Amino acid sequence: MKHVILAAGLAVAGTMAAAGDNGLMRKDSALGVTETVDAMVTAMEGAGLTIFARIDHGAGAASIGEDIGASQVLIFGNPKVGTPAIKDDPVSGLYLPLKVLVYEDAMGATKIVYEEPAEMLGKLGGVPKDAAYLNTMAGALAKFTDMAAN
């Protein structure tokens, strides 16, 4: 797996992200799952993003007597950024708004995972590889997950 230290201005010292061949970015968080998601929500709302949903997979599993550990998905976005993607290719609406998964692994460590927008939307025929919104989305994902991780 390739390790990438995120660019200055988007990275917090010591945060490592690994991108696999499938376009997933993976990071460690020093906080618990709920605290990590809370930190992302606070930062995103402060930046004017919309939080569309917070899905608690761990609570869902517990409701049927199963234990998957703490696991939450945060769904968020900004119509100013997402709308141009959907105008370029309406199927982008299947992938947007953006999502981040935060979960506790088998060792009790908190992990953050999201899909790189260029990888996610790049497989669609109508999304230009050089679309400015891809960089905006990638920068927001990196920034807010880094902020929450530490």
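This is a predicted model: local features need pLDDT of at least 70, side-chain atom pairs count only at pLDDT 80 or more; totals for chains, interfaces and linings use all residues.
**View 1. Helices H1 and H5 make a right-handed crossing.** Residues are numbered from 1 along each chain as its sequence is written, and side-chain values use heavy atoms, with hydrogens and water left out. The axes of H1 (residues 33-46) and H5 (residues 132-149) come within 8 Å and cross at roughly 130° (lines fitted to C-alpha atoms over the stretch in contact, with angles from 0 to 180 degrees between N-to-C directions). Helices are DSSP runs of H or I with at least four residues, strands are E runs of at least two, and both are numbered from the N terminus.

**View 2. Here's who touches whom between H1 and H5.** Thr36, Ala39, Met40, Ala43 and Met44 of H1 meet Phe144, Thr145, Met147 and Ala148 of H5 (heavy atoms within 4.5 Å). By class, that's seven nonpolar residues, two polar and no charged ones.

**View 3. Strand E7 pairs with E3 and with E6.** Pairing takes at least two DSSP bridges. E3 (residues 24-29) runs antiparallel to E7 (residues 110-115), with six bridges joining them; Met25 has Tyr114 as its bridge partner. E6 (residues 98-104) is also antiparallel to E7, over four bridges, and Tyr103 partners Lys111.

**View 4. E6 and E7 form a hairpin.** Five residues lie between the two strands, and Gly108 in the turn has a positive phi of about 90°.

Technical notes: A crossing is left-handed if the near helix is turned anticlockwise from the far one by less than a right angle, and right-handed if clockwise. Ala, Val, Leu, Ile, Met, Phe, Trp, Tyr, Cys and Pro count as nonpolar, Asp, Glu, Lys and Arg as charged, and the others, Gly among them, as polar.
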